[in-house]
Amino acid sequence: MVKSRSFSFSKVMLVLGLLFLYLPMFVLIVYSFNASRLVSVWAGFSTQWYGELFRDEQILSAVWMSLRIAFYSASMAVCLGTLCAFVITRFKKMRGRTLLSSMITAPLVMPEVITGLSLLLLFVQMAQTIGWPVDRGMATIWIAHTTFCSAYVAVVVSARLQEVDRSIEEAAMDLGCTPLKTFFVITLPVIAPALVSGWLLAFTLSLDDLVIASFVSGPGATTLPMVVFSSVRMGVSPKINALATLIIVAVSLIAFIAWYLMRRAERKRLQTPDA
Amino acid sequence: MRRKLLPTPLTERVRAVLFNRRVVFGIPFLWLLLFFLLPFALVLKISLTSAVMAIPPYEPVFRWVDNTLSVVVNIGNYLFLLSDSLYFAAYWGSVKTAFLATVVCLVIGYPMAYAMARAPKHWQLVLLLMVMLPSWTSFLIRVYAWMGILGNQGLLNSFLMWLGLIDQPLKMLNTNFAVVLGIVYAYLPFMVLPIYTNLVKLDVRLLEAASDLGCRSLTTFWAITLPLSKAGILAGSMLVFIPAVGEFVIPELLGGPDTLMIGKVLWEEFFNNRDWPVASALAIVMLLLLLVPIVLFHRFRAREMEKHG
């Protein structure tokens, strides 16, 4: 057995690392219930900041805007990202494949300020040349988010595609299935979990983006991160603590459900004989 | 008799056209060409113009003068970047900060990933989710959390004063220390994940063989585990370093007046000074600076995506 001092050292580091990751979020949650405005003073339990949060029209409309953009971006990104993943894992001899795979992986690490600036310049140029987009807003943010979210979807989906048993697809096609039907009947059910997790990842990425949206947005479209950013620039605000708590709770709930479903699927797979 | 209508030859042909390989390839290819590659060409173009008070605020590169196309190229923006030491300091500051943060991430992240990969199977999924969960919540809010902790009247200072370790608050917020801390905090999951994926695939038999042959555990680690996880370390480091160089939110919220980082300078050139050509030139230089790390990362990713294919 491989057991050593470094093993227990790494365990300690894991616990400390997780504490480091979670303590600040825990602090936010606790102080969202603080009656006082100040962080250092605990003035008793109160939910007044939640009340103020839900009365803040600006925040509410920004939440709605962000949710809509995230929904559309994630949906489009799943389509584009899946197509990319297909080309990269399946069409080995396609011309232009290398260029496509470079273009799809580059957004993963591209600094946001560069992506944002470049897309804004594109939209300005397009408005000059073809007259669209007249106003920057939801549509331009949607395009920008779709582009960078596709990269993440492509990574998630291509990892799954590599594990698909090709012989089943080949059998279906030998039996007369068209490639399209094979995709919908055989491949899609197998990669469905990856599509769901890709969609969720894209959704959270879009919901969270500040820098790119700030560049490509116009006066009409203010997303939630923009409102939060302009507010926290001024300093700590208990209303934002309340908002942060709600976001953390929502994400944790979804993650917990995902974990539960995954565990159940795993158990089922182990129980079926001859698996 | 079959109840279903057979597809007519026409719809068959339409289908064949719509769903052939070229379409599967063409849609994402054209999208990325238009919304990813072309924008970079435009950044390059506009970095070669000069700023004017107009909408859009730059001079055209291509102009029709007396029925001939004249190309006006202005490298003045790049010379301007060279002449002002502020920009050099900002690039240097970004690289220094990002490098330091990457090293700290590696030092914390590697043991974490190692412990995760060695944990019992049913624990691994839980730990993985726990490491990833923070990155699914809001980035902005996670950075903001540190403003409340590090401030002069913040939690950490109050705690240290309550302990009696310090008499007056330490200045932690709005310093370079806070920026590095913020980057480490925000990007740590991106370091842990690729290293974990790499370590979990590591053949345990190699380690057992080494220990059977009398290798001390630490020696085994240096001789086998670490070299075999090189790809994961590289991927994690690039995932932290490259975005950290261009980071804007963290230096803006946690940094101070002496924090010079290029992402923030670019933002200010663009939004405050409205000097689009200089902002574009800054972006081009930043891209050149990051070219080597980006290519390294890309080669790693391409290999990951094409494995077993």
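Good morning. Chain A has a secondary structure of 11 helices and zero strands, where helices (H or I, at least four residues) and strands (E, at least two) are DSSP runs numbered from the N terminus. This is a predicted model, in which local features need pLDDT of at least 70, side-chain atom pairs count only at pLDDT 80 or more, and totals for chains, interfaces and linings use all residues. Residues are numbered from 1 along each chain as its sequence is written, while chains are lettered from A and ligands numbered from 1 in the order in which they are written.

Let me stay with chain A. Along the sequence, its pattern reads α-α-α-α-α-α-α-α-α-α-α. Its C-alpha atoms fill a box of roughly 70 × 65 × 35 Å, taken along the principal axes. Of the 275 residues in chain A, 43% are buried; a residue is buried if 20 or more other C-beta atoms lie within 10 Å of its own, exposed if 12 or fewer, and partly exposed in between, with C-beta atoms placed from the backbone.

One local feature deserves mention. W132(A) and P133(A) are joined by a cis peptide bond, with omega about -5°. P133(A) sits in the loop between helix 5 (112-129) and helix 6 (138-161) of chain A.

I turn to the interface. Here, 76 residues of chain A are in contact with 85 residues of chain B; contact requires that the C-beta atoms of two residues, placed from the backbone, lie within 7 Å. On the side of chain A that touches chain B, helix 1 of chain A gives the most, with 16 residues. By class, that side of chain A has 54 nonpolar, 17 polar and five charged residues. In this scheme Ala, Val, Leu, Ile, Met, Phe, Trp, Tyr, Cys and Pro count as nonpolar, Asp, Glu, Lys and Arg as charged, and the others, Gly among them, as polar.

Finally, chain B. Are they buried or exposed? N174(B) counts as buried because it has 20 C-beta neighbours inside 10 Å, whereas R274(B) is exposed, with 12 other C-beta atoms within 10 Å. N174(B) lies in the loop between helix 7 (155-163) and helix 8 (176-200) of chain B. R274(B) lies in the loop between helix 13 (262-272) and helix 14 (276-306) of chain B.
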